[in-house]
Amino acid sequence: MTKNPFSVAGSVASEDAMRSGTRLTTSARVYGEMRERIIALDLPPDSILVRSDLADRFGVSQSPVREAILRLEQDGLVISYPQSRTLVTRIDTARVREEHFLRTAVECEVVRRLADARDPELLKKARGFLKMQEALVDDMDQVDLFKQLDDAFHAALFASVNQSSLHQHIQARCGHLARLRTLDLPSPGKTASVLDAHRAVVDAIETGDADLSVRTMREHLSGSLRRMPQIVEENAALFC
(Lines give C-alpha, C1' and ligand atoms only; values in the text may rest on other atoms or scores of the structure.)
Protein backbone atom coordinates (compact mmCIF):
# COMPACT_ATOMS: atom_id res chain seq x y z
CA MET A 1 0.00 0.00 0.00
CA THR A 2 1.28 3.48 -0.87
CA LYS A 3 1.34 6.37 1.56
CA ASN A 4 1.29 10.13 1.23
CA PRO A 5 4.34 11.38 3.18
CA PHE A 6 3.08 14.81 4.09
CA SER A 7 1.24 13.78 7.23
CA VAL A 8 4.71 13.35 8.74
CA ALA A 9 5.48 16.35 10.91
CA GLY A 10 8.81 18.04 11.46
CA SER A 11 12.05 18.05 9.59
CA VAL A 12 15.61 16.79 10.03
CA ALA A 13 18.61 19.08 9.57
CA SER A 14 20.76 18.05 6.67
CA GLU A 15 24.19 16.59 7.41
CA ASP A 16 25.46 18.76 4.56
CA ALA A 17 24.67 21.84 6.65
CA MET A 18 26.49 20.54 9.71
CA ARG A 19 29.55 19.60 7.65
CA SER A 20 29.86 22.84 5.73
CA GLY A 21 28.58 25.39 8.22
CA THR A 22 27.18 27.36 5.25
CA ARG A 23 23.68 27.92 3.94
CA LEU A 24 22.54 25.03 1.84
CA THR A 25 21.51 25.38 -1.74
CA THR A 26 17.79 24.84 -2.14
CA SER A 27 18.16 21.45 -3.83
CA ALA A 28 20.63 20.26 -1.19
CA ARG A 29 18.21 21.28 1.56
CA VAL A 30 15.39 19.34 -0.07
CA TYR A 31 17.66 16.35 -0.74
CA GLY A 32 18.99 16.30 2.82
CA GLU A 33 15.60 16.35 4.47
CA MET A 34 14.05 13.82 2.11
CA ARG A 35 16.99 11.44 2.48
CA GLU A 36 16.89 11.61 6.27
CA ARG A 37 13.17 10.85 6.25
CA ILE A 38 13.63 7.91 3.92
CA ILE A 39 16.46 6.45 6.02
CA ALA A 40 14.42 6.93 9.20
CA LEU A 41 11.45 5.23 7.48
CA ASP A 42 9.31 8.28 8.11
CA LEU A 43 8.91 7.93 4.35
CA PRO A 44 8.62 4.14 4.07
CA PRO A 45 8.99 2.12 0.88
CA ASP A 46 6.20 2.69 -1.65
CA SER A 47 5.52 6.22 -0.37
CA ILE A 48 4.39 8.45 -3.25
CA LEU A 49 6.45 11.59 -3.78
CA VAL A 50 4.69 14.02 -6.13
CA ARG A 51 7.03 16.77 -7.30
CA SER A 52 4.42 19.49 -7.24
CA ASP A 53 3.49 18.55 -3.66
CA LEU A 54 7.15 18.55 -2.66
CA ALA A 55 7.66 21.97 -4.23
CA ASP A 56 4.68 23.35 -2.29
CA ARG A 57 5.83 21.77 0.94
CA PHE A 58 9.32 23.20 0.71
CA GLY A 59 8.17 26.51 -0.76
CA VAL A 60 10.39 26.14 -3.82
CA SER A 61 10.04 25.70 -7.56
CA GLN A 62 10.07 22.23 -9.11
CA SER A 63 13.61 22.68 -10.44
CA PRO A 64 15.44 22.09 -7.10
CA VAL A 65 12.98 19.29 -6.34
CA ARG A 66 13.96 17.56 -9.60
CA GLU A 67 17.64 17.93 -8.69
CA ALA A 68 17.05 16.46 -5.23
CA ILE A 69 15.12 13.53 -6.68
CA LEU A 70 17.92 12.84 -9.16
CA ARG A 71 20.36 12.57 -6.24
CA LEU A 72 17.99 10.27 -4.37
CA GLU A 73 17.73 8.11 -7.51
CA GLN A 74 21.51 7.90 -7.64
CA ASP A 75 21.41 6.72 -4.01
CA GLY A 76 18.90 4.02 -5.02
CA LEU A 77 16.31 5.38 -2.60
CA VAL A 78 13.62 6.46 -5.07
CA ILE A 79 12.48 5.55 -8.55
CA SER A 80 10.72 7.98 -10.89
CA TYR A 81 8.00 7.36 -13.46
CA PRO A 82 6.41 9.62 -16.08
CA GLN A 83 3.96 12.37 -15.06
CA SER A 84 6.21 13.47 -12.17
CA ARG A 85 5.42 10.49 -9.96
CA THR A 86 8.15 9.11 -7.74
CA LEU A 87 8.13 6.19 -5.32
CA VAL A 88 10.42 5.41 -2.42
CA THR A 89 12.11 2.12 -3.26
CA ARG A 90 11.72 -1.01 -1.21
CA ILE A 91 14.78 -2.26 0.63
CA ASP A 92 16.76 -4.52 -1.68
CA THR A 93 18.46 -7.34 0.22
CA ALA A 94 21.01 -7.91 -2.56
CA ARG A 95 21.96 -4.25 -2.43
CA VAL A 96 22.15 -4.42 1.37
CA ARG A 97 24.81 -7.13 1.03
CA GLU A 98 26.76 -5.09 -1.53
CA GLU A 99 26.67 -2.00 0.69
CA HIS A 100 27.72 -4.05 3.70
CA PHE A 101 30.68 -5.41 1.72
CA LEU A 102 31.74 -1.87 0.78
CA ARG A 103 31.40 -0.46 4.26
CA THR A 104 33.14 -3.38 5.94
CA ALA A 105 36.09 -3.35 3.55
CA VAL A 106 36.74 0.34 4.06
CA GLU A 107 36.03 0.64 7.77
CA CYS A 108 38.17 -2.35 8.66
CA GLU A 109 41.08 -0.62 6.93
CA VAL A 110 40.31 2.54 8.90
CA VAL A 111 40.60 0.77 12.26
CA ARG A 112 43.74 -1.02 11.11
CA ARG A 113 45.38 2.36 10.54
CA LEU A 114 44.05 3.70 13.82
CA ALA A 115 45.54 0.77 15.71
CA ASP A 116 48.90 1.48 14.11
CA ALA A 117 48.67 5.17 15.08
CA ARG A 118 47.12 4.80 18.58
CA ASP A 119 46.19 8.50 18.50
CA PRO A 120 45.35 9.61 22.07
CA GLU A 121 43.07 12.39 20.84
CA LEU A 122 40.97 9.93 18.84
CA LEU A 123 40.77 7.55 21.79
CA LYS A 124 39.64 10.38 24.07
CA LYS A 125 36.98 11.49 21.61
CA ALA A 126 35.78 7.93 20.96
CA ARG A 127 35.40 7.22 24.67
CA GLY A 128 33.42 10.44 24.98
CA PHE A 129 30.93 9.05 22.47
CA LEU A 130 30.80 5.81 24.46
CA LYS A 131 29.85 7.69 27.63
CA MET A 132 27.06 9.54 25.86
CA GLN A 133 25.72 6.34 24.30
CA GLU A 134 25.91 4.55 27.65
CA ALA A 135 23.49 7.12 29.09
CA LEU A 136 20.95 6.24 26.39
CA VAL A 137 21.18 2.45 26.29
CA ASP A 138 17.78 0.74 26.22
CA ASP A 139 15.93 4.08 26.35
CA MET A 140 13.75 3.66 23.28
CA ASP A 141 12.53 7.24 23.59
CA GLN A 142 16.11 8.28 22.77
CA VAL A 143 16.84 5.76 20.03
CA ASP A 144 17.16 8.51 17.39
CA LEU A 145 19.78 10.31 19.48
CA PHE A 146 21.57 7.01 20.08
CA LYS A 147 21.70 6.49 16.31
CA GLN A 148 23.10 9.99 15.77
CA LEU A 149 25.86 9.23 18.28
CA ASP A 150 26.49 5.91 16.52
CA ASP A 151 26.96 7.72 13.21
CA ALA A 152 29.16 10.37 14.86
CA PHE A 153 31.36 7.68 16.42
CA HIS A 154 32.07 6.12 13.03
CA ALA A 155 32.54 9.52 11.40
CA ALA A 156 35.18 10.34 14.03
CA LEU A 157 37.13 7.21 13.13
CA PHE A 158 37.26 8.24 9.48
CA ALA A 159 38.19 11.82 10.37
CA SER A 160 41.14 10.59 12.41
CA VAL A 161 42.70 9.06 9.28
CA ASN A 162 41.78 12.10 7.16
CA GLN A 163 39.07 10.26 5.25
CA SER A 164 35.95 12.29 6.07
CA SER A 165 35.06 12.66 2.38
CA LEU A 166 35.22 8.89 1.98
CA HIS A 167 32.91 8.48 4.96
CA GLN A 168 30.40 10.85 3.34
CA HIS A 169 30.64 8.90 0.08
CA ILE A 170 29.95 5.60 1.84
CA GLN A 171 27.03 7.11 3.74
CA ALA A 172 25.48 8.22 0.45
CA ARG A 173 25.97 4.80 -1.14
CA CYS A 174 24.61 2.75 1.78
CA GLY A 175 21.00 3.86 2.02
CA HIS A 176 19.51 0.36 1.85
CA LEU A 177 21.82 -0.86 4.61
CA ALA A 178 20.98 2.24 6.65
CA ARG A 179 17.26 1.44 6.42
CA LEU A 180 17.92 -2.12 7.57
CA ARG A 181 19.78 -0.68 10.57
CA THR A 182 16.82 1.61 11.30
CA LEU A 183 14.60 -1.45 11.53
CA ASP A 184 17.11 -3.35 13.66
CA LEU A 185 18.08 -0.69 16.21
CA PRO A 186 14.88 -0.81 18.33
CA SER A 187 15.25 -4.59 18.75
CA PRO A 188 15.60 -5.70 22.40
CA GLY A 189 19.25 -5.53 23.47
CA LYS A 190 20.43 -3.99 20.20
CA THR A 191 21.59 -0.66 21.61
CA ALA A 192 23.49 -2.45 24.38
CA SER A 193 25.20 -4.69 21.83
CA VAL A 194 26.17 -1.66 19.73
CA LEU A 195 27.70 0.02 22.77
CA ASP A 196 29.61 -3.15 23.69
CA ALA A 197 30.89 -3.42 20.12
CA HIS A 198 32.04 0.21 20.07
CA ARG A 199 33.83 -0.30 23.37
CA ALA A 200 35.56 -3.43 22.02
CA VAL A 201 36.70 -1.57 18.91
CA VAL A 202 38.15 1.29 20.95
CA ASP A 203 39.88 -1.12 23.36
CA ALA A 204 41.44 -2.99 20.43
CA ILE A 205 42.67 0.23 18.85
CA GLU A 206 44.16 1.34 22.16
CA THR A 207 46.17 -1.87 22.46
CA GLY A 208 47.64 -1.29 19.00
CA ASP A 209 46.48 -4.72 17.84
CA ALA A 210 45.50 -4.11 14.21
CA ASP A 211 44.21 -7.63 13.57
CA LEU A 212 42.01 -7.55 16.66
CA SER A 213 40.72 -4.12 15.69
CA VAL A 214 39.70 -5.45 12.28
CA ARG A 215 37.99 -8.51 13.77
CA THR A 216 36.00 -6.50 16.28
CA MET A 217 34.90 -3.96 13.66
CA ARG A 218 33.92 -6.70 11.20
CA GLU A 219 31.87 -8.41 13.91
CA HIS A 220 30.21 -5.13 14.83
CA LEU A 221 29.24 -4.23 11.26
CA SER A 222 27.80 -7.68 10.56
CA GLY A 223 25.14 -7.74 13.26
CA SER A 224 22.20 -6.37 11.26
CA LEU A 225 23.17 -8.44 8.24
CA ARG A 226 23.03 -11.64 10.33
CA ARG A 227 19.59 -10.66 11.56
CA MET A 228 18.33 -9.67 8.12
CA PRO A 229 16.26 -12.85 7.51
CA GLN A 230 14.30 -12.24 10.69
CA ILE A 231 13.95 -8.52 9.96
CA VAL A 232 12.65 -9.29 6.46
CA GLU A 233 10.17 -11.81 7.84
CA GLU A 234 8.84 -9.26 10.32
CA ASN A 235 8.69 -6.40 7.78
CA ALA A 236 8.05 -8.17 4.48
CA ALA A 237 6.12 -5.25 2.94
CA LEU A 238 9.22 -3.02 3.16
CA PHE A 239 11.47 -5.34 1.14
CA CYS A 240 11.58 -6.36 -2.50
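**Salt bridges in a predicted model**

By salt bridge I mean a side-chain nitrogen of Lys or Arg within 4 Å of a carboxyl oxygen of Asp or Glu. Side chains of opposite charge can pair when their charged atoms come close.

Before going on, a word on what we are looking at. This is a predicted model, where local features need pLDDT of at least 70 and side-chain atom pairs count only at pLDDT 80 or more, while totals for chains, interfaces and linings use all residues. Residues are numbered from 1 along each chain as its sequence is written, and side-chain values use heavy atoms, with hydrogens and water left out.

Back to our pair: are Asp184 and Lys190 buried or exposed? Asp184 counts as buried, at 1% relative accessibility, and Lys190 is buried too, at 10%. Here buried means under 20% relative accessible area, exposed means over 50%, and partly exposed is in between, using a 1.4 Å probe and protein chains only.

How many salt bridges are there by this rule? The count comes to 18. Let me show you some of them.

Arg35 and Asp75 form one, with 3.2 Å from N to O. Arg35 sits in helix α2 (residues 26-39) and Asp75 in the loop between α4 (62-74) and β2 (78-81), so this pair ties together parts that are 40 residues apart in sequence. Helices (H or I, at least four residues) and strands (E, at least two) are DSSP runs, numbered from the N terminus. Both Arg35 and Asp75 are buried.

Next, look at Arg103 and Glu107, whose closest N and O atoms are 3.1 Å apart in their salt bridge. Both residues belong to helix α5 (residues 93-117), four residues apart, which is about one turn of the helix. Arg103 is buried at 10% relative accessibility, and Glu107 is buried at 1%.

There is also a network: salt bridges link Lys147, Asp150, Asp151 and Arg181.

One last stop, at Met228 in helix α13 (residues 228-234). Met228 is buried, with a relative accessible area of 3%. Between Met228 and Asp184, the residue we opened with, there are 44 residues in sequence and 8.5 Å in space, C-alpha to C-alpha. Which residues does Met228 contact, leaving aside its neighbours within four places in sequence? They are Thr93, Val96, Arg97 and Leu180, where contact means heavy atoms within 4.5 Å.
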